[in-house]
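Morning, everyone. Please have the structure up on your screens. I'll talk about side chains and how they pair.

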Amino acid sequence: MCFLYNDVLQKFEGQLSRQYIIHQSLPHVRDSVHWRGLCSTEIMMFWDLLLPLLLVIKGVRGQWNVWMPRDISAMTNSCVVIPCTFMYPSGIRPYRGTHGIWYFGHPYPQLFPPVVFKSRTDIVHESYKGRTKLLGDLHQKNCTLLISNIGLEHSGKYYFRADLGGANVYTYPDYSDLRVLDQPTIDVPDEIVSDRSLDLTCYVPDNCPDMSPEIHWMYTDYLPDPIFTSEYEEDSNTAVMFSTLTFTPRPIHNGQLLGCRVHFPNTTFVYERIISIDVKYPPRSVWVNVSQEVMEGTSVMLHCDVDSNPVPRISWHFGEEELQWEMASNFSLYLEALIPEQEGVYTCLADNGYGIMNTSMYLAVKYPPRDPVVNHSVTVQEGNSISLFCSTQGNPAPTLTWLKDGELVGTITADELSELELLDITPQHNGQYRCLAENEYGRASSSLNITVEFAPILLDESKCTVVREGVQCVCMASGNPEPAIEFYLPDLNITINETESRFNYYTHTDGYTSTGMIKLREKGERTGNGGTGIHVHCSITNIYGTETVQLELQQEKKYMMAVIVGTIGGVAVIAFIIAAVRYVGHNNKKENGNPGQDLVTKVENPSMYYSAVKKDKQSLRKKVLKTELLGSKFNSILEESGTGEEGDYQPVGSMAGLERQELNYAALEFIRGRPREGAQGRADNGSDYSEIKAK
């Protein structure tokens with residue numbers, strides 16, 4: 001704690017009246033910031049009580065001291081009164097009266113500061129001529145100064161110098177700092193927050209006794225329920241007039257202009273101050289792109305605009321992941337070479353310390369269907385059931401179609417998953433199944449094979465046929481796995497299969513069809529009704545079953561009927577050809593007039609002959625077998641086995657009856673004849689006749 005008592009004793013030496021100290025010195029000493037000895041704010045609390053008691057103590061000696069307001073202000077073109085009270089040691093007796101000088105800028109005369117006022121003479125700085133007046137009585141230690149019609153150039157520090165005569169001259173280091181204002185002062189809080197009550201105060205000094213200011217607020221028409229209050233305050237012999245504007249700002253008021261106007265009645269002096277309020281508010285709108293649809297592989301720009309004060313931190317999020325951020329009022333996210341995994345919700349989040357707000361949008365990535373995933377190819381037994389699954393991805397969701405060997409099966413599904421259920425499998429279900437996925441951007445498909453295994457089935461082509469050399473038996477069966485075929489002769493109790501070859505046993509497999517064939521040299525015993533007594537059984541076997549049937553024997557009368565029909569047909573053709581040739585020869589005799597001579601000539605040099613061509617039975621038999629029964633794979637075997645004398649096989653089916661048809665035909669060859677005598681003009685037109693000669 002400072003030694004306050006000693007300081008006070010040093011500052012106030014001499015006997016001072018209680019009344020003067022209390023009424024004049026106390027307020028000034030209390031408010032002066034230059035008061036020596038004030039080292040604690042706690043001392044100020046008790047100063048009003050302690051100072052009167054200390055000043056009345058006898059023997060107290062005064063010192064050089066002055067009181068004046070440290071800061072004072074005035075409006076341009078108005079006036080200002082600077083209150084001032086000074087003291088000097090009580091032992092000094094003023095010589096020739098008490099005088100005083102006011103300096104501007106510096107307290108030391110040797111620096112030649114401008115003289116504001118001087119009581120001994122009227123010599124002052126030219127900028128103060130006619131502007132200053134001493135209102136106080138120096139003999140009463142009152143140095144109050146009036147400055148009129150002040151301007152901005154008069155702003156600065158003012159010092160008082162006491163002149164008591166002789167060497168008793170002292171310039172007080174304390175000063176008043178005058179501020180000359182050309183506009184009022186508006187007290188604005190450091191932070192203005194939206195939706196919180198705000199007080200704006202307009203201050204104007206009232207230190208000119210002849211002029212009293214009036215304050216009005218401007219641009220308040222659009223404020224929500226503004227409240228105006230005016231007050232007058234005097235502090236340390238300086239006065240201030242102020243008006244307070246109270247309202248609750250909104251985000252819309254950010255940047256709004258507000259003004260304070262000061263007017264001195266009975267003058268033309270008007271002063272204005274205009275400010276722009278900075279209203280802090282959390283993000284109140286976050287704008288982003290509307291939801292978009294883009295193609296896979298393309299690029300897109302997602303834009304975000306935020307309305308907030310101050311500028312927020314904008315960040316883009318994809319799901320829970322923060323992608324990018326920036327301190328700005330708008331921020332764009334660029335996505336290139338998009339893939340389907342980037343489809344989803346994108347969120348723009350804004351945070352400026354006063355609040356958080358976000359807005360989301362959906363980005364859809366369109367793409368054609370991917371290759372469907374289907375079951376593996378399977379082998380299933382007849383009678384069982386199976387489910388085929390097809391799944392794919394595409395945007396929009398593709399339609400799934402099941403096709404079997406190119407034909408539609410099942411129903412069309414508009415989804416990314418389809419199930420085709422096949423119940424009670426039959427051999428007809430065997431084949432390739434394809435799942436086709438389609439949407440507006442493309443198509444894709446995947447296939448699988450279903451192999452149906454089933455017990456052997458005897459085909460209708462299985463039978464025995466009587467041929468010239470004996471009996472030919474064919475057994476055809478379908479099955480999966482391919483069935484094995486063997487023949488059984490119950491009359492002889494003989495089983496014929498691959499190990500028994502004396503009956504010309506032969507087998508062939510084509511896909512799921514197996515063909516077995518044997519040739520029996522004997523036709524069997526004749527029965528009483530003309531039929532044969534031969535019996536042939538065919539047995540077909542695979543892992544799922546065995547079936548044995550007796551083959552039907554084709555009767556010989558069918559074979560003989562084919563031979564008769566073929567012979568009659570051949571004779572008819574030959575007779576027709578002979579009749580045609582004779583008709584042509586007869587017409588030539590009438591036209592030429594000498595048929596006998598011409599006939600002799602033609603006989604010597606015949607121009608036409610005919611030949612009857614016998615049927616090539618071996619060739620015809622091979623062709624019938626190729627087309628009717630076995631196909632291309634069996635041709636080579638037939639050709640090899642048909643070279644022997646008795647190795648011929650009777651065709652099976654509707655062509656079998658053609659085996660015995662004897663097709664006789666004639667070949668006609670026309671050779672140019674010699675021209676007749678006297679008929680040279682017709683020798684070149686090819687109208688010569690020819691004769692028929694048996695060859």
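R261 counts as partly exposed, at 36% relative accessibility. A quick word on that term: buried means under 20% relative accessible area, exposed means over 50%, and partly exposed is in between, with a 1.4 Å probe and protein chains only. Two notes on the source. This is a predicted model, where local features need pLDDT of at least 70 and side-chain atom pairs count only at pLDDT 80 or more, while totals for chains, interfaces and linings use all residues. Residues are numbered from 1 along each chain as its sequence is written, and side-chain values use heavy atoms, with hydrogens and water left out.

Back to R261. What does R261 form with E272? A salt bridge, with the closest N and O atoms 2.5 Å apart. The term means a side-chain nitrogen of Lys or Arg within 4 Å of a carboxyl oxygen of Asp or Glu. R261 lies in strand β17 and E272 in strand β18 (residues 270-276), so the pair ties together parts that are 11 residues apart in sequence. Strands here are DSSP runs of E, at least two residues, numbered from the N terminus. E272 is partly exposed too, at 31%.

By this rule, the structure has 10 salt bridges. Another one joins K366 and E293, at 3.7 Å from N to O. K366 sits in strand β26 (residues 356-366) and E293 in strand β20 (residues 292-295), so this pair links parts 73 residues apart in sequence. Is each one buried or exposed? K366 is buried, at 10%. E293 is exposed, at 59%.

Now R313. Its side chain meets E322 in a salt bridge, 3.4 Å from N to O. The charged end of R313 also sits over the ring of W325, 4.3 Å from the centre. For that, NZ of Lys or CZ of Arg must be within 6 Å of the ring centre and within 35 degrees of the ring normal. K141 lies over the face of Y88 in this way, at 4.4 Å.

On to rings. How many aromatic pairs does a search of the whole structure find? It finds 18. Rings of Phe, Tyr and Trp (its six-membered ring) pair if their centres lie within 6.5 Å; planes under 30 degrees apart are stacked, over 60 edge-to-face, and the rest tilted. Y128 and Y158 pair edge-to-face, 6.3 Å between centres and 90° between planes. Both Y128 and Y158 are buried. Y88 belongs to one aromatic cluster, with W64, F86, W102, F160, Y170 and Y172.

Note on methods: Helix = DSSP H or I, 4+ residues; strand = E, 2+ residues; numbered from the N terminus.
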